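These are my notes on a few points looked up in the structure. I kept each entry brief.

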Amino acid sequence: MNNLAVGIEDFGLYMPKKFLPIEVLANLRNIEYAKLNLGLGLQEMAVCEPHEQVAFMAAAAIIDLVENAIKTNKYADAHSFLKEIDRLYLGTESAIDAAKPSITYALEFLEAKYPGQFGHIDMLDMTFACIGGVDAMQQCTDYVRLRPQRRCIIISADAAVYDAHTGGEYTQGAGAIALLIAANPALVSFNGETGVSIHHDFDFYKPKRYFSKIDIAQELFSKLGIEIPKEMDLSSALAATQIPVQGTLEGWPSHFWEIPGSHIPVSRNEPVYDGQFSNACFEQRVADAAENFLHKEGLSNLTSFEQWIFHLPYAYQGRRMAVSLWWHYIAKQDPFLKYKTEEAFGKIPEDHSMELAKWYKGMAKSDAYKSFVQRCIAPSDRVSSRVGNLYTSSIFMALLSGIAYAENELSGKSVLFLAYGSGSKSKVFRGKYGTPEALSKVKARLESHLNARTALTADAYVALRKGFGES
């Protein structure tokens, strides 16, 4: 194996400029605020305005990365920085186009900011729900490991949007993070095995649906209270009458009913999901990937990691997902800790029953586990509490948060990443924190973005949803 240290040299980020206090949403939806705040760790959620779509946010995160490089006098200008970049790889599940990568749409924003051509940079999207950014990062770290003089930028950008009045609404969020991947990095290096677990699940997905033109018309007539004449042939009346052409863009219908075929395809940003099943998939995939990671690494425990960095669909998800892993790979490895835990809570039930879930829930309240959470997980979920679910960016925001709010010195310490994407896939891998100087600058940069935002009122939030055609 090539032992060259490759990883994250620097970062840029973008947070939507508006956020909704979770207490405001709780009052709006008649939900107990303590359930969301104390139970899930939610305080605020980022909310996009109409222009803050994936291409805009991705470009803004890249620009933040470039400007920081110039500000720190590492580069004279943007072009001298970008000429060293071989790849711009985007992880997203908020794609604009089903054919071309969304990262190419970000080009117009980059070229408007830095006039010139960036055609030498390879561009690609990677999609696997929330783990697409990790997939992009690993592709680029492998690339740089073979070409240490070259650099890549991976971007994760998403807007997590759910239907109003649903259990997902209060976990919404949005944002983008750009990571500079380089040899001998200042922030975090990756060198080791990756544990993987994948399964074909339907815990969360965004299906393309098809609605019959005839059914649409019949439903419309019914809602308007109009009886369809018996002699009317809806099939003929609703058939597209011409090959749809608009300008030079063949295949672009000029009117809704000119869409070819008997059915209308509909794609929505709001997902179809089963929250409890998704949590179960998350837990199982991460457990299997962790076992695979330990096998590949030749390890029997997870005691050597200063921090555990999770994908966070809501702030406290990592704390909940870590309970069984902590028991199997930390507590059980310490005879005294194992004895004290079993003395307090009894021996762990042998099967996957409700009794097992109750045992873990009780054990999670132990002083030993709470101490582990406070040191190894809590620093990484502080920013998530204030921005919500960022989908592909979530695990990277957790990383930056963990660096910013760590209680102990991190430089040179090992960090464990537990990534997850619905559908479902997990990757578990290790990293090593970089220099004290680089790590010490993360907090101020994070907080400058957090403090530049403006709170929304309930009325303004509802108006924004309506502006997107939602309720």
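Entry on cysteines. I looked up the sulfur of Cys281 in this predicted model and found the closest cysteine sulfur in Cys130, at 13 Å, which is too far for a bond. I then started from Cys130, whose closest cysteine sulfur is in Cys281, again 13 Å away and too far for a bond. I noted the cut-off for a disulfide, a pair of cysteine sulfur atoms within 2.5 Å. My search of the whole structure returned 0 disulfides.

I also checked accessibility for both residues. Cys281 has 4% relative accessibility and therefore counts as buried. Cys130, at 7%, counts as buried too.

Entry on helix H2. I asked which residues of H2 are buried. In this helix, spanning residues 33–40, I recorded Leu36, Asn37 and Leu40 as buried. They lie on the same side of H2, because the arc they cover around the axis is only 115°. I next looked up what covers these buried residues, and the cover includes helix H1 (22–29) and helix H10 (317–329). Just after H2, I noted Gly41 with a positive phi of about 80°.

Entry on Ala164. I located Ala164 in the loop between strand S6 (151–160) and strand S7 (173–183).

Note on methods. Residues are numbered from 1 along each chain as its sequence is written. This is a predicted model: local features need pLDDT of at least 70, side-chain atom pairs count only at pLDDT 80 or more; totals for chains, interfaces and linings use all residues. Side-chain values use heavy atoms; hydrogens and water are left out. Buried means under 20% relative accessible area, exposed over 50%, partly exposed in between (1.4 Å probe, protein chains only). Helices (H or I, at least four residues) and strands (E, at least two) are DSSP runs, numbered from the N terminus. The arc is that of the directions from the helix axis to the C-beta atoms. Contact means heavy atoms within 4.5 Å.
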